[in-house]
Amino acid sequence: MSDSPNLTNVNFDNMTQAQFEDYLPDLFAAAGRGKVSEDPRFAKFLAAHPDCMNLVRDLESIADTAKSLFEPSADLEPSDAVWSNIASKLKAEPQNLD
Amino acid sequence: MGPLSLLTTPPKPNPGLFKRNPPIAGEAEAIEAAKNGDADAFSKLYALHKRRVYTLCLRMLGNVSEAEDMTQDAFLHLFRKLGSFRGESAFSTWLHRLTVNLVLMHLRKKGLQLVSLEETINPSEDDAPKRDFGARDPALAGSVDRVTLERAVASLPPGYRMVFVLHDVEGFEHNEIATMLECSTGNSKSQLHKARLKLRELLRQPEQLPPLDTKREAAQ
């Protein structure tokens, strides 16, 4: 896979499902914060291929939900022993070595 | 650029991560005070960031004991490197990058090749998501909830999990991930896509996902 394929001259309307899916990693990467499912360039293809539309929407949903994992749940935190170990090691070593 | 140099090179500003990592009240003052050796200020930084750093380690390592050890190492490293933080990026972005690189070095020391060479971050064919063109491919039923997704992420093969956590959870760009994992940006995009496909498979049968391991095993 090349790092940045030129997508501007690709005609998505007449692709097979397999061909479209080959482009998906780059389409998602190029979409950034936008959505492939809402991009007018793919509207005709996705309307004709509902399985592909389902796939794209599911992958977008997974990526959207993943953003919410950035804030950890309240019950996930290191044990008190971690800070105890850090504090005792800080006392033992010179301050700001670098 | 290797991971070691990333630990000592000030990161470039990343506007996207500034948006996801807005400054925390009192953080800037704590950073400056901690740079001057204020132990209470460093304790405050730990309190502010311990959960995010620990969760990042836990997701990357999949093991509570190792995650706690790496959290400890990350904050000790932070203490030593804090003087080099210049504020070009959000502090938490800088701290997370430092943590990611420590975890990757730890994995390499353990001899796990999954994060060292491009071809070896590809999971085996057995782990790869399966597509059967022509067969019915139903959509996921309902929306994805974060608890189920967390369990599914924990079930991913390590190579997929690494790229997914770094990109979709932590917000790193493909070029940054490529540098950290020493692979191409194309490979990072490809692995992320396969990770999402694999998650879709796993989320179709959430009842088969194992519970999350969030407890340290006894007698470590």
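User: Which residues of H3(A) are buried?
Analyst: In this predicted model, the buried residues of H3(A) are Cys52(A), Leu55(A), Val56(A), Asp58(A), Leu59(A), Ser61(A), Ile62(A), Ala63(A), Thr65(A) and Ala66(A). A residue is buried if 20 or more other C-beta atoms lie within 10 Å of its own, exposed if 12 or fewer, and partly exposed in between, with C-beta atoms placed from the backbone. Helices (H or I, at least four residues) and strands (E, at least two) are DSSP runs, numbered from the N terminus.

User: How are residues and chains labelled, and what pLDDT do local features need?
Analyst: Residues are numbered from 1 along each chain as its sequence is written, while chains are lettered from A and ligands numbered from 1 in the order in which they are written. This is a predicted model, in which local features need pLDDT of at least 70 and side-chain atom pairs count only at pLDDT 80 or more, whereas totals for chains, interfaces and linings use all residues.

User: What do the buried residues of H3(A) pack against?
Analyst: In chain A they pack against helix H1 (17-31) and helix H2 (43-48), and in chain B against helix H7 (146-154), helix H8 (158-169) and helix H10 (185-203).

User: How many residues of chain B are in contact with chain A?
Analyst: There are 44 residues of chain B in contact with 39 residues of chain A; two residues are in contact if their C-beta atoms, placed from the backbone, lie within 7 Å. On the chain B side, H4, helix H5 (64-81), H7, H8 and H10 each supply at least two residues. H10(B) gives the most, with nine residues.

User: Changing topic, how many helices and strands does chain B have?
Analyst: Chain B has 10 helices and zero strands. Of its 220 residues, 42% are buried.

User: Where is the kink in H4(B) centred?
Analyst: The kink, of about 55°, is centred on His49(B). The bend at a residue is the angle between axes fitted to the seven residues ending there and the seven starting there. After H4(B) comes Gly62(B), which has a positive phi, near 70°.

User: And Asp40(B), buried or exposed?
Analyst: Asp40(B) is exposed, because it has 9 other C-beta atoms within 10 Å. Asp40(B) belongs to helix H4 (residues 39-61) of chain B.

User: What separates the C-alpha atoms of Asp40(B) and Val165(B)?
Analyst: These C-alpha atoms are 31 Å apart, and the two residues are 125 residues apart along the chain.
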